[in-house]
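Hi,

Here is the structure I promised to pass on.

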Amino acid sequence: MTAPVILDRRSVLAGGGALIVSFSLRHAVAQEQKAAQGPALPGSLAKTPNLDSWIRIDANGQVTAFTGKAELGQGFRTAFQQIAAEQLDIPFDALKVITADTKLTANEGYTSGSHSMQDSGTAILHAAAQARMLLVAEAAKRFGLPPDGLRTENAAVIAPDGRRLGYGELVAADMLHVQAQPTSSLKDPASFKVMGQPVPRVDIPAKVTGGAAYVQDMRLPGMVHARVVRPPSYGAQLVECDTAAIEKMPGVIQIVRDGNFLAVVAEKEFSAVKAMHALAAAAKWRESAKLPNQHDLANVLTTLPSQDFAILQRSDPTVSGARSLEATYARPYQSHGSIGPSCAVAQFVDGAITVWTHTQGVYPDRQAIAEMLGMTPASVRLIHVEGSGCYGHNGADDAAADAALIARVLPGRPIRVQWMREQEHGWEPYGPAMVTKLSASLTADGKIADWNFAVWSNTHSMRPGGAGALLAAQHMARSFAVPAPKPLPLPEGGGDRNAIPIYNFPNAHVMHHFIPAMPLRISAMRALGAYHNVFSTESFMDELAALAGADPVEFRLRHLDDQRGRAVVEKVAEEFGWTRGQQPPRNRGYGFAFARYKNLAAYCAIASEVEVDRETGRARLVRAVAAVDAGQVVNPDGITNQIEGAIVQSTSWTLYESVTFDETRITSIDWQTYPILRFNAVPDSIAVHIINRPGQPFLGSGETGQGPAAASLANAIAHATGKRLRELPLSRKRIKDAIDA
């Protein structure tokens with residue numbers, strides 16, 4: 001990847017004649033206050049209401065859409081391009097999208113929680129529609145005609161007599177520097193030409209042809225390479241390190257040490273790697289960290305001090321149950337398992353620093369890095385570049401901090417920091433371990449009378465904002481303390497995400513036991529607590545269906561009032577060929593699960609067929625059928641990609657993945673000790689059926705499938721073996737032990 005063009009507001013303004021993105025903190029605060037007084041603006045317009053924060057039209061007719069969200073492989077850059085092109089009536093290829101950059105785009109916080117379409121996509125939708133109407137109004141003035149008689153086509157406004165004015169001819173410097181209105185003249189979905197179409201994703205070609213697609217591919221002029229020597233364990237202290245011999249190694253430029261932070265910089269990457277290994281051998285550490293017993297995690301978690309919250313209490317004394325069931329489900333710590341270890345490039349010039357990073361939050365990470373370096377946020381610029389592997393808080397922010405810290409020591413030259421595999425596996429923030437305990441009773445006619453759900457979990461986000469979230473800042477001599485963990489608030493939640501059932505139960509009680517103590521380094525992992533909570537809920541629904549003598553699909557519909565939820569359940573049952581009492585082939589089983597992500601985003605139901613080798617315990621997902629309702633569809637291929645990816649990723653989590661450790665160190669530091677799903681275990685087929693809702697809000701589909709996929713798989717394994725497994729992962733050994741028991 002060659003050096004990117006670094007734009008700033010001044011250089012863009014110097015170009016003249018354009019509708020541009022512009023930011024002023026004072027103006028933004030005033031606009032936010034003004035917005036708070038009037039009707040709510042849709043999506044991220046609520047926080048960044050000016051139209052020119054989202055859409056720019058240059059005098060030459062070039063149109064650009066801006067988003068503060070980070071493209072992580074979700075495909076939203078393509079979807080946003082479709083949205084803007086559709087609402088502005090311009091060809092798809094005539095528009096470009098600029099993603100998260102602290103000098104160019106709005107502050108949309110983190111890219112997380114399937115919010116990109118809901119927040120940024122909605123903002124671009126309305127900003128583009130309102131920009132089109134402003135252009136039509138300007139053309140009406142010039143034509144001397146009423147705006148109702150004009151139409152837009154191919155980046156121009158056209159009069160009934162054929163006269164046309166291109167968007168570039170119509171722009172004025174401040175035309176879009178106005179606050180968005182709460183309502184927009186959106187195009188009728190029946191007239192869509194670009195939205196709703198399976199437009200090929202713009203980010204795919206470079207990824208499949210070996211092109212420059214990721215921050216790992218970046219190569220800037222004069223760039224040098226750095227490697228960091230990580231401590232061997234949490235809390236380890238560097239007591240001695242003789243660097244004299246390493247400083248004399250060929251190609252070595254400098255050793256950087258700041259407290260427990262230790263790194264080497266070299267002209268060539270392999271020279272940096274060799275020097276890193278030599279430096280690691282020379283370093284002597286004092287270790288003292290004590291990790292919990294990984295083989296008794298459920299007991300460890302449920303006995304740690306917790307803050308307890310009753311998040312649902314529903315009571316109907318007229319309904320009581322006759323038959324009862326209870327179960328406990330457990331999830332281990334799990335790694336993001338990014339295929340490409342984290343990477344960042346930083347350059348310190350004239351008192352300012354630029355960092356190219358695959359962080360999911362350029363503004364929060366900028367704040368953290370600025371605090372770490374004692375700089376003002378205005379002198380720190382973060383530019384998002386895709387990373388090879390993400391979906392959660394992996395090592396991206398830490399690599400950015402590493403690069404920034406080293407770059408300040410070596411001003412002028414771009415510094416590329418690339419983590420090693422064992423560093424990514426050993427030091428990234430993991431998805432938290434969780435325990436859920438469920439109990440329920442059934443009425444005489446087989447309906448759930450009361451439902452009790454309790455979840456024990458750490459926080460699910462320790463993302464930057466403050467410097468203490470960054471490893472480099474924690475390891476510096478002037479170290480920054482790790483911030484106190486906090487539960488994430490409902491309705492979205494963290495460890496309690498999707499703990500409240502979407503089903504209608506007359507009596508229900510849900511408890512969230514928030515555990516402040518964090519034995520392992522943890523943070524956000526795709527779907528947060530929803531993965532385990534849906535796995536638990538939907539596994540238990542199958543167990544209760546068996547107790548009631550009911551078909552699993554019929555049992556769910558018996559308790560589901562939400563009509564859109566019922567539609568996806570019924571669609572999957574139909575497409576899978578689900579019938580009551582169906583008998584699968586020998587050593588196979590069928591499973592079903594459903595959820596609405598966070599109870600407010602996309603709906604997803606999944607039916608699975610699983611094959612189990614009873615001699616080895618190996619389970620393989622043979623086929624999956626899914627249905628999803630994500631509101632109005634922008635790119636059906638994009639939604640299909642997300643659901644297929646969710647099923648494959650969740651299958652890997654559910655069958656294979658678990659962080660391992662002893663009393664002192666993380667021991668799952670490579671692909672042998674942390675196995676993931678391989679190509680030979682990929683399902684034979686995945687069919688995704690999309691229920692489009694034209695004109696309805698975008699719901700976001702990126703994290704809707706992980707929980708249903710896990711539960712559907714577990715239910716199919718139980719169907720195939722007659723044995724119910726409740727502790728993740730559902731490994732060969734656990735399945736084999738259950739069969740043999």
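First, a definition: I call a residue buried under 20% relative accessible area, exposed over 50%, and partly exposed in between, using a 1.4 Å probe and protein chains only. This is a predicted model, so local features need pLDDT of at least 70 and side-chain atom pairs count only at pLDDT 80 or more, while totals for chains, interfaces and linings use all residues. Residues are numbered from 1 along each chain as its sequence is written, and side-chain values use heavy atoms, with hydrogens and water left out.

On to the charge pairs. Side chains of opposite charge can pair when their charged atoms come close. My cut-off for a salt bridge is a side-chain nitrogen of Lys or Arg within 4 Å of a carboxyl oxygen of Asp or Glu. Searching the whole structure turns up 35 salt bridges.

Arg 724 pairs with Glu 543, with the closest N and O atoms 3.9 Å apart. That pair links distant parts of the chain, 181 residues apart: Arg 724 is in the loop between α18 (706-721) and α19 (732-740), and Glu 543 is in helix α14 (residues 530-548). (Helices are DSSP runs of H or I with at least four residues, strands are runs of E with at least two, and both are numbered from the N terminus.) Arg 724 is partly exposed at 23% relative accessible area, whereas Glu 543 is buried at 11%.

There is also a network: Arg 588, Glu 609, Glu 611, Arg 620, Arg 623 and Asp 684 are joined by salt bridges that share partners.

Next, Glu 287 and Arg 665 form a salt bridge at 2.6 Å, N to O. Glu 287 sits in the loop between β11 (283-286) and α9 (297-303) and Arg 665 in the loop between α17 (636-655) and β24 (685-690), so this contact ties together parts that are 378 residues apart in sequence. Both ends count as partly exposed, Glu 287 at 30% and Arg 665 at 36%.

And which partner does Arg 201 have in its salt bridge? It is Asp 203, with 2.7 Å between the closest N and O atoms. Here Arg 201 is buried at 14% relative accessibility, and Asp 203 is buried at 5%.

Last, the cysteines. With a disulfide taken as a pair of cysteine sulfur atoms within 2.5 Å, the count is 0. Cys 604 is buried at 0% relative accessible area, and Cys 241 is buried too, at 16%.

Cheers
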